[in-house]
Amino acid sequence: MERLAVYPGSFDPVTNGHLDIIKRAAGMFDRVVVLVSYNAKKNGGTFTAEERVELLKRSLGGSIPNVTVDSYNGLLADYVTKAGASAIVKGLRAVSDFEDEFQQALINRQLAPGVDTVFLVSSLEYMYLSSSTVREICALGGNIKNFVPEAIIGDIEERLKKQN
Ligand code: ADP
């Protein structure tokens with residue numbers, strides 16, 4: 001049976017840290033769906049869900065054949081059950097990610113029994129990288145080229161300049 005993993009997140013926008021997790025997950029599973037999920041806690045956002053999907057697709061550029069991108073605004077447990085996934089992939093950065101991710105993993109296992117959450121520890125160079133850091137640096141006029149894929153730098157700069 002095909003082993004499918006779902007990697008959910010806000011991806012507002014995708015960073016090199018996300019791409020690192022995607023590449024590593026793609027090596028572990030037959031297929032990976034990167035899922036742009038709307039989070040009640042992170043309302044609004046800089047990019048719409050459709051835009052985030054498009055930025056992800058452009059960043060990947062079809063370079064990893066077993067990775068696809070989708071979006072969903074419902075319960076993650078429902079999505080993974082319907083998709084027949086065997087795992088939810090999460091990236092773990094500093095200790096600060098742990099408490100929340102641990103809680104979500106336990107709840108998701110109750111809601112979707114049989115779907116395990118797999119944590120991939122962040123690569124050292126991306127340990128302190130988050131979408132919000134990228135947005136902040138860009139809004140303040142800093143250079144984001146080390147943090148996000150080249151193909152989407154223009155989009156981020158244009159969006160954040162407009163908001164200021
Ligand atoms: P953020 O807005 O904090 O960057 P997302 O909701 O987009 O986070 O993140 C989706 C998933 O990717 C989460 O599991 C998160 O822990 C993980 N992630 C985000 N940034 C990194 C990174 N730099 N290294 C490893 N994992 C990451």
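Trainee: Which backbone nitrogen does a side-chain oxygen of T15 reach at the start of α1?

Mentor: A polar contact is a pair of N or O atoms within 3.5 Å; within protein, one must be able to donate a hydrogen and the other to accept it, and residues adjacent in sequence count only if both atoms are side-chain atoms. Here the side-chain oxygen of T15 comes to within 3.1 Å of the backbone nitrogen of G17. Before we go on, note that this is a predicted model, where local features need pLDDT of at least 70 and side-chain atom pairs count only at pLDDT 80 or more, while totals for chains, interfaces and linings use all residues. Residues are numbered from 1 along each chain as its sequence is written, and side-chain values use heavy atoms, with hydrogens and water left out.

Trainee: How many residues of α1 are buried?

Mentor: Buried means under 20% relative accessible area, exposed over 50%, and partly exposed in between (1.4 Å probe, protein chains only). Helices (H or I, at least four residues) and strands (E, at least two) are DSSP runs, numbered from the N terminus. In α1, 9 of its 11 residues are buried, among them N16, G17 and H18.

Trainee: What does N16 touch?

Mentor: Contact means heavy atoms within 4.5 Å. Not counting residues up to four places away in sequence, N16 touches Y126, L129, N146, F147, V148 and P149. N16 is buried, with a relative accessible area of 15%. A polar atom of the N16 side chain also lies 3.1 Å from the backbone oxygen of N146.

Trainee: Are the two faces of β1 covered or open?

Mentor: Both are covered: L4, V6 and P8 are buried on one side, and A5, Y7 and G9 on the other. Two strands pair if DSSP finds at least two bridges between them. β1 pairs with β2 (residues 31–37) in the parallel sense over 6 bridges, and G9 stands opposite V36 in β2.

Trainee: What is the peptide bond between D12 and P13 like?

Mentor: D12 and P13 are joined by a cis peptide bond, with omega about 0 degrees. P13 sits in the loop between β1 and α1. F11 lies in that loop too, and its phi is near 50 degrees, a positive value in a residue other than glycine. F11 is buried, with a relative accessible area of 2%.

Trainee: Which residues come nearest to the ligand?

Mentor: A residue is near a molecule if one of its heavy atoms lies within 4 Å of it. Of the 19 residues around the ligand, Y7, F11, G91, Y126 and L129 come nearest. β1 (4–9), α1 (16–26) and β4 (87–92) each supply at least two residues of this shell.

Trainee: Where does D97 lie, and what does its side chain reach?

Mentor: D97 is in the loop between β4 and α4 (98–111). Its side chain reaches the backbone nitrogen of R93 at 2.9 Å. D97 is buried, with a relative accessible area of 14%.
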